[in-house]
Amino acid sequence: MKKLALILASVFTTAGAAVAGPYVNVESNASYTGSDYKNRTTDFHVGYEGTEGALDYYVQGGPALVNTDGEDGDTQLSAKAGASVNATDKLNVYGEVSVLTADGDVDNDWGTKIGAKYAF
């Protein structure tokens, strides 16, 4: 964890304008039903992003700390890959596929995202 903290500190203190290439992404997602806490997953990813013509893409992965209410925390692996393209000057279309590993005979968690953003 000490090495990860040093890497994060150097990335955030030397970050300039957005540049294609390698990056570090830390993201934490929590789930609640009403005010009842369910779980939290925190991803510590290393990734790569780039552009090919009109297509922007990324791929990232690494450990994920999973904390479910009433259970011991667990470390799994997670990964995401996504892309977006400007279909027109005002319309962007994007998609993402993600996976979170699971232990034993439990199936991996898969997720997909697809969407469009229109700017006025």
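Of the 120 residues of the protein chain, 21% count as buried, meaning under 20% relative accessible area with a 1.4 Å probe and protein chains only, while exposed is over 50% and partly exposed lies in between. You are looking at a predicted model, where local features need pLDDT of at least 70, side-chain atom pairs count only at pLDDT 80 or more, and totals for chains, interfaces and linings use all residues. Residues are numbered from 1 along each chain as its sequence is written, and side-chain values use heavy atoms, leaving out hydrogens and water.

Start with a cartoon view. From the N terminus, you will pass the elements in the order α-β-β-β-β-β-β; helices (H or I, at least four residues) and strands (E, at least two) are DSSP runs, numbered from the N terminus.

Next, select the strands. They form an open sheet of six in the order β1-β2-β3-β4-β5-β6, with antiparallel pairing; two strands pair if DSSP finds at least two bridges between them. At the edges are β1 (21–33) and β6 (109–118), each pairing on one side only.

Now zoom in on β1 and strand β2 (residues 36–52), which pair in the antiparallel sense over 13 bridges.

Finally, go to strand β5 (residues 91–100) and pick V93. Why does V93 count as partly exposed? Because its relative accessibility is 33%.
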